Amino acid sequence: MKYPVFHERVRVIDIDGTVLKKRDPEHYFTAEPEALEDAVEQVNEWFDNGDYIVFWTARPSSVRDKTMNALDRLGFKYHEVIFDKPYSYEIHIYDDNPIFIHKVERDIGIGKL
């Protein structure tokens, strides 16, 4: 059995309101997506430092290609995008490794961490 490449950190990042300006779902693709200030630079710095970058979004998988094309056009580096995240007020993650949660203010995003 081949084991996956070890990464010191895995960063799971929401898309809308965290790295892209929040829009109502029906308007995701009627306007050009807009990266939040310093979001591309922050994500790419983590990627370049060896972190494994996962975008995890409530966007449906039916918009996979459009979403990934938008992330690519804006210059985000990432390893994977997971769609259909349950839409909720709370997300609980249980693991045997340390987990760090960083709540960001909507449309301020990760560029100001």
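## Ile 13 and strand β1

Ile 13 is located in strand β1; helices (H or I, at least four residues) and strands (E, at least two) are DSSP runs numbered from the N terminus. Ile 13 has a relative accessible area of 5% and is therefore buried, where buried means under 20% relative accessible area, exposed over 50%, and partly exposed in between, with a 1.4 Å probe and protein chains only. The C-alpha atoms of Ile 13 and Ile 82 are separated by 10.0 Å, although these residues are 69 apart along the chain.

This is a predicted model, in which local features need pLDDT of at least 70 and side-chain atom pairs count only at pLDDT 80 or more, while totals for chains, interfaces and linings use all residues. Residues are numbered from 1 along each chain as its sequence is written, and side-chain values use heavy atoms, with hydrogens and water left out.

## The β-α-β unit

Strand β1 (residues 10-13) and strand β2 (residues 52-56) run parallel and are joined by four bridges; two strands pair if DSSP finds at least two bridges between them.

Together, β1, helix α1 (residues 39-48) and β2 form a right-handed β-α-β unit. A crossover is right-handed if, with the strands pointing away from the viewer, the path from the first strand over the helix to the second runs clockwise.

## The nonpolar core

The largest nonpolar core contains 18 residues, and Val 19, Val 43, Phe 55 and Phe 76 have the most contacts inside it. Such a core is a set of buried Ala, Val, Leu, Ile, Met, Phe, Trp, Tyr and Cys residues joined through side-chain atoms within 4.5 Å. Two or more residues of this core come from each of α1 and β2. Helix α1 gives the most, with four residues. In soluble globular proteins, nonpolar side chains tend to be buried together.

## The largest pocket

The largest pocket holds about 1900 Å³ of space. Of the 43 residues that line this pocket, Val 12, Ile 13, Ile 93, Ile 101 and His 102 are the closest to its centre. Strand β1 supplies the largest share of the lining, four residues.

On a 1 Å grid over the protein atoms alone, a pocket is an open set of points with protein on both sides within 12 Å along at least five of seven lines, a cavity is a set where a 1.4 Å probe fits but cannot get out, and lining residues have an atom within 4 Å of a point. Grid points are joined across faces, edges and corners, and a volume is the space filled by probe spheres set on the points. The pocket lining divides into 24 nonpolar, seven polar and 12 charged residues. Here Ala, Val, Leu, Ile, Met, Phe, Trp, Tyr, Cys and Pro count as nonpolar, Asp, Glu, Lys and Arg as charged, and the others, Gly among them, as polar.

## The cavity and Pro 33

There is one cavity of 30 Å³ or more, and the largest cavity has about 40 Å³ of space. Its lining residues include Asp 16, Tyr 28, Pro 33 and Arg 59. By class, the lining has three nonpolar, no polar and five charged residues.

Pro 33 lies in the loop between β1 and α1 and is buried, with a relative accessible area of 15%. The C-alpha atoms of Pro 33 and Ile 93 are separated by 29 Å.

## Two residues with positive phi

Asp 38 is in the loop between β1 and α1. Its phi is near 65 degrees, a positive value in a residue other than glycine. Asp 38 is partly exposed, at 32% relative accessible area.

Asp 84 is in the segment after β3 (80-82). Asp 84 has a positive phi of about 65 degrees and is not a glycine. With 44% relative accessibility, Asp 84 counts as partly exposed.
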